[in-house]
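Good morning, and thank you for coming. Please look at the sequence and the model on the screen while I go through a few of its features.

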Amino acid sequence: MAEIASTSSGRGHQSPPAPIMNLADDHLFTVLLLLPVDSILSFSATCKRFRNLACSDSLWESLWRREWGPSSAESVKSSGLLLPWMVLFKRVCKLDSVSCHRISDLDDEEEESSSLLPLPRASHSLNFVTDYLVLFGGGREGGRHLDDTWTAYVGETNQKTLRWKKADSVTPGGRFGHTCVVIGDSLVLFGGINDRGERLNDTWIGRVGCHGKQLLWKLLTVVGAPKPPPRGAHAASCISEKTMVVQGGIGLSGVRLGDTWILELSEDLNSGTWHEVVSNALLPPRSGHTLTYIRENQVVLFGGRGLGYDVLNDVWLLDTQEQCERWIQIFYDFQDLEESASLPRVGHSATLILGGRILIYGGEDTFRHKKDDFWALDVKTIPSKGLQVDGGAVCLNGSKAWKRLDGVSYRPKGRSFHRACADGSGRYVYVFGGMVDGLNLAVTSSLRFENELFMVELLLGL
């Protein structure tokens, strides 16, 4: 009886409210914005008051801006999607499919003229800078290079109807297999191959002027003696605000390279200093691969063609944090990957998109079969700090990191050595050119160069 009485007395006793219950909503709002999304969802399950606060539209819009930037939030607003921010956030995190749209270059009433369109090409450069697509150079049929520059204004609301303009430009000289990286509101171009088959190692800074009618180039002054050997079909990416990394490619005498170089630019972008990255990891030489910026001081390398002419699907992380430059190989367990899926590729594109993923499109396999598939590599599965490296490598779960995306609407041809870039929001990716299979599919050398421009849209409103 004494136990029962004690229990009854305990039930009647009311504990004082937890101190967090005394916080005002605006203070709780500030605290929630500091938490990971999973913690916010757990917080919302505690009581009705917290659920209403943790599910509010204003909170999830702020979380969107925190995770993916204000430009992507404004892009969603201008698109007219009338869905709660929490729903949109979850759809970005899930991302199962993309939609492709062929871009209309000319108004319907205009007669199409080849002089108003860039010529078909591959191994060119395509970048999004200061609201413009900038297309430069590339190779065409017969192994000839191009030295023209084209721009197309994207803006915020006209993604599906663009008009190319040929820009007046004192170019760095025609080439293909070069790289062009966006640093701030400028372009940094490096290397490539000219008509004579010469590999180049010059560096140029470009700026868009006069509403896209000009592209102003200047040769970068290199301070100090060391600089990368000449090359083409290499990969490059920004790695921080004034820093670019160049890796691999085809050097003199057609030898594939495995070296890595970092360019540190001056504040005014008039000069720069190169140094070679010395790493204990044995990164195999390759060409036709990609480097993709994923976060400050980290880029991801994927694929390419190796020394034995085999096409690769390995993934490497270049980490330059804390004055320590190192390559880390990332092994993925692909036990749950569908049997029909094939990841090895060369001449593909790899673009950082909204939601913290690398969108990989196209390329070709060892037998030069062109691909038309889309893959997403979730970079959030790669820790930003504290990677426990064993012998220069780390093993991660491939089934959680990789996802093959469904394509709806217009389906572009399989292609390789095209180029792709995302707009400022990361929701739209523009793809131009490349090599596609020719009309005679029985002839393995039957290839055709493309000048098609299409847009890949991340689907959020289904």
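Leucine 23 sits in the loop between α1 (2-12) and α2 (25-32); helices here are DSSP runs of H or I with at least four residues, strands are runs of E with at least two, and both are numbered from the N terminus. This is a predicted model, in which local features need pLDDT of at least 70 and side-chain atom pairs count only at pLDDT 80 or more, while totals for chains, interfaces and linings use all residues. Residues are numbered from 1 along each chain as its sequence is written, and side-chain values use heavy atoms, with hydrogens and water left out.

Together with Ile20 and Met21, Leu23 makes a nonpolar surface patch of about 210 Å². Such a patch takes residues with over 30% relative accessible area and no salt bridge, and joins nonpolar side chains (Val, Leu, Ile, Met, Phe, Trp, Tyr) within 5 Å, or like charges within 9 Å. A salt bridge is a side-chain nitrogen of Lys or Arg within 4 Å of a carboxyl oxygen of Asp or Glu.

I turn to the aromatic rings. The whole structure holds 15 aromatic pairs; rings of Phe, Tyr and Trp (its six-membered ring) pair if their centres lie within 6.5 Å, and planes under 30 degrees apart count as stacked, over 60 as edge-to-face and the rest as tilted. One of the pairs is phenylalanine 43 with phenylalanine 50, stacked because the centres are 4.3 Å apart and the planes at 20 degrees. Both phenylalanine 43 and phenylalanine 50 are buried. Tryptophan 68 and phenylalanine 89 are also stacked, with centres 4.5 Å apart and planes at 25 degrees. Tryptophan 68 belongs to helix α5 (residues 57-68) and phenylalanine 89 to helix α7 (residues 85-94), so this pair ties together parts 21 residues apart in sequence. Tryptophan 68 is buried at 16% relative accessible area, and phenylalanine 89 is buried at 3%. Trp68 and Phe89 form one aromatic cluster with Trp60, Trp64 and Trp85.

Finally, the sheet. Four strands make an open sheet in the order β8-β9-β10-β11, with antiparallel pairing; two strands pair if DSSP finds at least two bridges between them. Why does one side of β8 and of β11 lack a neighbour in the sheet? β8 (179-183) and β11 (214-219) stand at the edges, and each has a single partner strand.

Key. Areas by Shrake-Rupley, 256 points an atom, 1.4 Å probe, with all protein chains shown as cover. Buried < 20%, exposed > 50% of the residue type's maximum accessible area, 1.4 Å probe, protein only.
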